Amino acid sequence: MCGIVGYVGPKDATPIIINGLKRLEYRGYDSAGVAVINNGQIDVRRDAGKLQQLVDLLGKSPLTGAPGIGHTRWATHGAPSARNAHPHVGNTGKMVVVHNGIVENFLELKEELGAEGVIFNSDTDTETIVHLAEHNKAAGISFEEAARRTFKQIEGANVVLLLSTDEPDKIIAARIGNAGGIVVGLGEGENYLASDIPAILEHTRRMIFLESRQMVVLTKDSFRIETIDGEEVKPEIHTIAFDAVSAEKGEYRHFMQKEIHEQVRALTDTLAGRVDFKEGRIRLPELNLTPELAKRIQRIYITACGTAAYAGMVGKYLIEKIARIPVEVVIGSEFRYSDPIVDENTVVLAISQSGETADTLAAMEEGRKKGGIVWSIVNAIGSQAMRVADGYISMQTGPEIGVASTKAFTAPLVDQYMLAILLADLRGVIDEKTRRELVSDLRLVPDLAGRVMDSEADVEKVAHALKDIKGCLYLGRGINMPIAYEGALKLKEISYIHAEGYPAGEMKHGPIALIDEEMPVLCITPKDPWHEKMISQIQQAKARGGMVIAVATEGDDLVKNMADHVLWVPEAPWMLSPIITVLPLQMLAYHIATIRGLDVDQPRNLAKSVTVE
Ligand code: F6R
């Protein structure tokens, strides 16, 4: 999970940046670097490995001066190496960048810049940003204007910090499309930037959180925030309480809300180090998956509890569709009692946020006892589910504190999509073109998620309309059917409203009797292969007087004209659509519960990790 720190002021930037990066170490990273402006020149130190390696390098070859920008990188484009570590300097040596996110159009930009003779010195998408900024600057415009043009040209969810020797008194930064956060820290005669509060909390408690498509021009005694389209922004200055919990919550009221928003960054981090966009390939080294092993697998059991099990249901669609291996999902508490048919060619794949859920661990044990291949997808590093597995995929989302699981639902959806591609590749059941397309689609995910986050105020309005409902049916089909289960679970666990997830096609076999003016029906209706079927579901609910709330793809007038309320989502490749359709449902549950005045982070009777049977 990339970390970013910036400093502009009278002191040497490097120690402040290194200290800040140390406080972000918990996010994980595989290389680190710092750049400062010293006597009108850009000076950079960077290395692969841990921060200590960079500190050792700085010991041998110190870096003085300010402003400065620093970065810890988790590889997405290009291997973890000194050459790919940030910061990246442009060909003129006058600009330098650090970046968090994925530049979706980097291949096109790289081609255009390459045709102009720009030389690329790394495999990263990040480097295109600095070359593009220099290219824009060459038109004779100011640093600010060149940065603004650059921010408009890059696509995807990105946070960018730039320095220029032409105007060495400032850092220009932007948050585009919600790639994680960037916070501006306001000091006395010095100012800071960081990807997370703890990095700079020892220097200042006065902070501004940049919104999507906002940029800041920061000098030691001034800050100016505008949208990247040039509209003035009057930012709110937050005073952060000095205790760790408030610092962790930052601008959000609850951990759950923070974690919902954090998914943009968590999804970016999920891809980090695993996806090679250039080659169109997936790497999951901790899974220990060889071509021989992949070819041997005849069946996969996915086992998990609650939200994690619903993630597994989406995984079933993905693995069966992409890798053509039969998959069965068995909830953790049932697995060992169902006498599952496990042999040495069967994978038992456990999914768990905590990695300590007793039923899930028991299912893994059962798989082990029967001689199966035991894998896990786990968030808590070093947990039992990680330790006892033959191979694992680490969720890379960071700690999840809110009891209702959010980011530990969407991350394993991406993990299973990647696993499906890797299995298909190693088993030779996928052609290169399809593989490349599937891998390439992953680039879109963080930005699409960020766009849903931008619609929170609209979701909140719908929450106000629904705050007094007594129950709700959630319907979905195909790959979005498990999202009905998950949406309903989110609502019931934090708002204590009864909610039921149902496969939409099953309605006519019984539950349709429930529908009247008192029973709202939430239909998950994105533009996926089951769209038409879901439309007829909406019609049936309307015909019985039910209030319909739909999750629908932007621009879908058909749904707009039928539903009473619509939660809009951007269009996504259908196999990735559950990652996007679940987001407004998490927000909806969150807002209904807070409007009802409930303890969202610690709902009654629930524990974050269920370590008993
Ligand atoms: C729901 C929720 C639970 C957990 C379940 C499994 O929001 O949090 O349903 O998903 O208890 O927990 P883990 O993933 O820790 O095994």
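Predicted model: local features only at pLDDT ≥ 70, side-chain atom pairs only at ≥ 80, totals over all residues.
Okay, let me start with one definition: buried means under 20% relative accessible area, exposed means over 50%, and partly exposed is in between, with a 1.4 Å probe and protein chains only as cover. By that rule, Glu366 is buried, because its relative accessible area is 11%.

Residues are numbered from 1 along each chain as its sequence is written, and side-chain values use heavy atoms, with hydrogens and water left out.

Let's do the overall layout. The protein splits into domain 1 (3-251), domain 2 (260-444) and domain 3 (455-595), with bounds that come from an automatic or database domain assignment. Between the C-alpha centres of domain 1 and domain 3 there are 40 Å.

On to salt bridges. I'm calling it a salt bridge when a side-chain nitrogen of Lys or Arg is within 4 Å of a carboxyl oxygen of Asp or Glu. How many turn up in the whole structure? The search finds 38.

Back to Glu366, then: its side chain meets Lys370 in a salt bridge, at 3.7 Å, N to O. Lys370 is partly exposed, because it has 25% relative accessibility.

Another pair is Lys467 with Asp468, where the N to O distance is 3.2 Å. Here Lys467 is partly exposed at 29%, and Asp468 is exposed at 53%.

Then there's Asp564 and Lys542, with their closest N and O atoms 2.8 Å apart. This pair links distant parts of the chain: Asp564 sits in the loop between α19 (557-562) and β26 (565-569), Lys542 is in helix α18 (residues 531-543), and they are 22 residues apart. For those element names, helices (H or I, at least four residues) and strands (E, at least two) are DSSP runs, numbered from the N terminus. Asp564 counts as partly exposed at 38%, and so does Lys542 at 31%. There is also a network: Glu144, Glu145, Arg148, Arg224 and Glu226 are joined by salt bridges that share partners.

Which residues form a negative surface patch? They are Glu108, Glu111, Glu112, Glu116 and Glu155. A patch takes residues with over 30% relative accessible area and no salt bridge, and like charges are joined within 9 Å. Glu112 belongs to helix α3 (residues 106-115), and it counts as exposed because its relative accessibility is 51%.

Now some backbone details. Two peptide bonds to look at are cis: Ala66 to Pro67, with omega near 0°, and His86 to Pro87, with omega near -5°. Pro67 is in the loop between α2 (51-60) and β4 (68-73), while Pro87 is in the loop between β4 and β5 (88-89).

What about positive phi in a residue other than glycine? Arg324 has phi near 55°, and Gln396 has phi near 60°. Buried or exposed, for Arg324? Exposed, because it comes out at 58%. Gln396, in the loop between β21 (391-394) and α13 (407-427), is buried, because its relative accessible area is 9%.

Last stop, Ser455. You'll find Ser455 in the loop between α15 (445-453) and α16 (456-466), and it is buried at 13%. Its C-alpha is 20 Å from that of Pro573, which is 118 residues away along the chain.

Technical notes
Patch = residues over 30% accessible without salt bridge, like charges linked within 9 Å, V, L, I, M, F, W, Y side chains within 5 Å. Areas by Shrake-Rupley, 256 points an atom, 1.4 Å probe, with all protein chains shown as cover. Lys, Arg positive; Asp, Glu negative; His and termini not counted. Charge placed at Lys NZ, Arg CZ, Asp CG, Glu CD.
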